[in-house]
Amino acid sequence: MNKKLSSFLASIFVMVLALAGCSSNETGGSGKDGVTEISFIHWRGEDAEVFKELISKFEKENPKIKVNMTVYPSEEYQSTAQTLLRDGSTGDVFTSFPGSQFEIIKKAGFFADLSNEEFVQNYNENLIEAGKADGKQLAVPLQLVYNQPVYNAGIFEELGLEPPKDWEGFLALCETLKENGYTPIAFPGADIGPGQLMNSMMMNNAPDEEIFAKLMAGDAKLTDEWWVKTLSQFKELTDKGYIAKEALGTKHDGAIALMAQEKAGMLASGSYAMAGIKQQNPDIKLQLLAPITVAENEAKYEGVHTTTFMLAVNSKSEKQDAAKKFVSFLSESENAGEYANKTGQHVTLKDVTYESEELKDTAVWMEKNTRFQPRFLIPNADVEKAVIASIQAVIGGTDPEKAAAEAQKIVEQNLSK
């Protein structure tokens, strides 16, 4: 009997240990060897090597935490991130775009509140507004980028060109580039180009920063002058050969290669592309400009900025303490500075020293009058797609007024929901 009882008690003890192990994993406690594994998801494939270095450093400082990083293509990430976050098993730490994706994730309740975390104080409070909602800091944007064309400063110097101050000047600049055998604007029309160039093209046509809020409230329309004019100017660039019609089949990597080979004067994406260009051509000299689509005396803004790559903690995660430690680590000025200088990205933190030449060269834009990227102020993903599609339609040959009317139909369908 004693042997049977001992055997029975031993079995019970083993079962208790097994259940305890399951419970520990399920509640986000320590896993194997007391190590907590967290998932970090984002879309910046070009930054993956730098993040691997930072993760290695973090894991040495925090040997009880392991970070598993997964990188998704940006287009896929925009459409699927909220699904990945749903059960809390993926994306303990995740990143969000501002605008429609932020709104979708906020409505789903996947952002953990970071308002009282000490690391928030490391950021420039004026540059993390995009991560706030309902009085709470739900995410901290790490990157400060300029969503306007990159230009080849060496070609500009060779041809005696200066960034223009009005629309006629911009057209003349493009014509000079074309006459001298350069593609004026390398335009990644197959992916990010339309959604990037639209920002500087419309910034002075619709200087009201509430324009997309008014659109969604029914107080403005895409058939109004501000958007039809913007589309008409895209048509003018296409008709004159400054944006090639075949650019609708060009992806960002292809447009970057065109810039790196010094075959194009400008790239219609943003400052985040500069490091990629320099990787292919270390000797190239780059700067930024924004098309001014109005007369010089009517221009309110000089360019466009975005605070993006918003670091967040999944509210559904059961490993939030470990996740917050990792976000805190990335939010230290030394680590953020390493990220900035190795990726060619400006960051939103205080007390960061920029060492790379492209960052020093473009730091002047911090003093200019730039507005937050208009596209990211479209709170509805379907409307955002319609706006971008209207640009692609015009480049493909559709009349601007017709393209605007088609896009407005999508707006009105979403207003009625």
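In this predicted model, T348 touches Y123, N124, L127, I128, P141, L142, Q143, L144 and T307, leaving aside residues up to four places away in sequence. T348 belongs to the loop that runs between strand 12 (346–347) and helix 14 (357–362). With a relative accessible area of 0%, T348 is buried.

The aromatic rings form the next topic. A pair of aromatic rings is described by the distance of the centres and the angle of the planes. The count comes to 18 aromatic pairs. One of them joins F40 and F326: the ring centres are 5.2 Å apart and the planes stand at 70 degrees, so this pair is edge-to-face. Because F40 lies in strand 1 (residues 36–42) and F326 in helix 12 (residues 320–330), the pair ties together parts that are 286 residues apart in sequence. F40 is buried, with a relative accessible area of 0%, and F326 is buried with a relative accessible area of 0%.

A further pair is formed by F102 and F111, whose ring centres are 4.9 Å apart; their planes meet at 40 degrees, so the pair is tilted. Both F102 and F111 are buried.

Which residues do ring pairs link into a cluster? The cluster consists of F40, W43, F51, F58, Y72, Y77, F97, F309, F326, F329, Y339 and F376. The edge-to-face pair of F40 and F326 thus has both of its members in this cluster.

An aromatic ring also takes part in an arrangement with a charge: the charged end of K368 sits over the ring of W365, at 5.1 Å from the centre of that ring.

Methods: Residues are numbered from 1 along each chain as its sequence is written. This is a predicted model: local features need pLDDT of at least 70, side-chain atom pairs count only at pLDDT 80 or more; totals for chains, interfaces and linings use all residues. Side-chain values use heavy atoms; hydrogens and water are left out. Helices (H or I, at least four residues) and strands (E, at least two) are DSSP runs, numbered from the N terminus. Buried means under 20% relative accessible area, exposed over 50%, partly exposed in between (1.4 Å probe, protein chains only). Contact means heavy atoms within 4.5 Å. Rings of Phe, Tyr and Trp (its six-membered ring) pair if their centres lie within 6.5 Å; planes under 30 degrees apart count as stacked, over 60 as edge-to-face and the rest as tilted. A charge sits over a ring if NZ of Lys or CZ of Arg is within 6 Å of the ring centre and within 35 degrees of the ring normal.
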